[in-house]
Amino acid sequence: MLWILLVLAVLGLLGYVLGRSRAISSAGGDARILHSLPTYYGTNVTLLTVMPALLVLGVWLIIQPIVIDQYVQTQIPEPFVYSVGSFDLLMTEVSRLADGIDTAVERGALTEAEAAALDPATDVRAQLAEAGVALGADVQPEVLVAAQQLRAVSSAAWVWMLMVVGTLAVAGLAYAAMRTHKDQRARNSVERAVLGLLMAASTIAILTTVGIVLSMLWDTRNFFQLYPWQDFFFGLEWRPSFEGGSELGLIPLLWGTMYISFIALLVAVPIGLFAAIYMAEYATIRVRSIAKPLIEVLAGIPTIVYGLFALITVGPMLRDYFAQPLGLGDSSSSVMTAGIVMGIMLIPFVSSLSDDIINAVPQSLRDGSYGLGATQSETVKQVILPAALPGIVGAVLLAASRAIGETMIVVLGAGAAARLDLNPFEAMTTVTVKIVGQLTGDTDFSSPEALVAFALGLTLFVITLGLNIVALAVVRKYREQYD
């Protein structure tokens, strides 16, 4: 794949040089009479050489595996598929064997002819093991035949892809170079192409979001076909069991998520907002230049380090000095542990964003307030904070979303117990931790115990979306507008 991109890059560079030189040549060597700058002519040829080929290459890479898998599936006898259980499981085995044969060929243990002539009657597993390729089970004849078909069709598809992409690039280069002339509006063409790229980038971002939502909706629908939605949304017990009889109530997980996030925001929002106000309005330039980078260091610490900090330091300290003396528990894993550490992690999210937003408030507003006789604190409370409110709410929302989605700190700091309890020194867990737990290991994606992870993910998405809508409504109602 890398060398395909290199070839396209070389053709693009060749097109740039060719387009630029042809434009200057058509003007008799006088670049002043060109419609556009010479670089636009070169860029126009480069774009027509590279972009269509890259577009076709991207679409081909997405569609090719789907088409080949469907073709190979049609070649496998249906009784054998039924004996395995499902097409997905069978195709995973076929792909693993095809990859193993490819590895053996790359290492020189097999030639292409020998790989294509592997006999199902022989011990293929032992042959591949000699080449350093380990297979988990003996190779069945139907799987070997399917793997060889998969390799053959994939190889042919790659050849066709190279031919199509190469032909398209060369044709684009020739067409663009032939059209290059001093009167050509090359700048307009390049700007339209750049506009198209920008629109494509925006479209990809939107379609990605839509794709994520649709994928969760599909698997959530499968889950609710196997498990009653009333028991999921209103159930008070979370006891999954892959042997059947699971109780998959959402409320204990939702309670843990909201409880831990609430404590984290109680820590992060006041500290972060006050730090931002101090740095933006009261601190000297020297203090600000030292304090702000030090606070932002917190944002660069991996969450696993925060989790270890919660497990080794904060949890035992809260247990020894607060929980046990007050008779509230004797576990170092608790809601309070995870909430405090998560709040520390979120401080730079609130402080840095709020600091930038407060600094963006026009100086004329401060000067006007001081001119009317207001003190500095009155100016901060009645002028600057209302003007910066939309941005501050956005920073708090970002911190809230981060808290809801955090997993590692909860695993190490709050435990894995799904329960409904008001005691902040008891262990609890969150939705994200259970999503990871349900999808870890050899899970059967046709079981409600695995599919419930998608229902949990979709629930979190809806909650986050609701928070954003409420915040937007609050901002629109209460913000001060200055023109």
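I number residues from 1 along each chain as its sequence is written, and side-chain values use heavy atoms, without hydrogens or water. Since the model is predicted, local features need pLDDT of at least 70 and side-chain atom pairs count only at pLDDT 80 or more, while totals for chains, interfaces and linings use all residues.

**Entry: H1.** I began with helix H1, residues 2-26. Helices here are DSSP runs of H or I with at least four residues, numbered from the N terminus. H1 has 25 residues and spans 36 Å from first to last C-alpha, close to the expected 36 Å; the expected span is 1.5 Å times one less than the number of residues. I noted Ile4, Leu8, Leu11, Gly12, Gly15, Gly19 and Ala23 as buried in H1, where buried is under 20% relative accessible area, exposed is over 50% and partly exposed lies in between (1.4 Å probe, protein chains only). Helix H2 (38-75) and helix H7 (141-179) are among what covers those residues. After H1 comes glycine 28, with a positive phi near 70°.

Entry: Valine 72 sits in H2 and I get 0% relative accessible area, so it is buried. It touches Met91, Ala146 and Leu150, leaving out residues up to four places away in sequence; contact means heavy atoms within 4.5 Å. I also checked methionine 408: it is 336 residues from valine 72 in sequence and 41 Å away, C-alpha to C-alpha.

Valine 190 is in helix H8 (residues 186-226) and is buried because its relative accessible area is 7%. With neighbours within four places left aside, valine 190 contacts Tyr40, Thr43, Asn44 and Leu47.

**Entry: H10 against H15.** A pair of packed helices is described by the angle and the distance between their axes. For H10 (residues 251-282) and H15 (residues 376-405), the axes come within 10 Å and cross at roughly 145°. Axes are lines fitted to C-alpha atoms, for helices over the stretch in contact, and angles run from 0 to 180 degrees between N-to-C directions. On the H10 side I listed contact residues including Thr257, Leu265, Leu273 and Glu281, and on the H15 side Val380, Ile392, Ala399 and Ile404 among others. By class, that contact has 14 nonpolar, four polar and one charged residues. Ala, Val, Leu, Ile, Met, Phe, Trp, Tyr, Cys and Pro count as nonpolar, Asp, Glu, Lys and Arg as charged, and the others, Gly among them, as polar.

**Entry: arginine 366.** Arginine 366 is in helix H14 (residues 363-371). Is it buried or exposed? Arginine 366 counts as buried because its relative accessibility is 7%. Beyond four places in sequence, it touches Glu281, Ile358, Asn359, Val361, Thr379 and Ile384.

**Entry: isoleucine 312.** Isoleucine 312, in helix H12 (residues 303-326), is at 58% relative accessibility and so counts as exposed.

Key. Helices (H or I, at least four residues) and strands (E, at least two) are DSSP runs, numbered from the N terminus.
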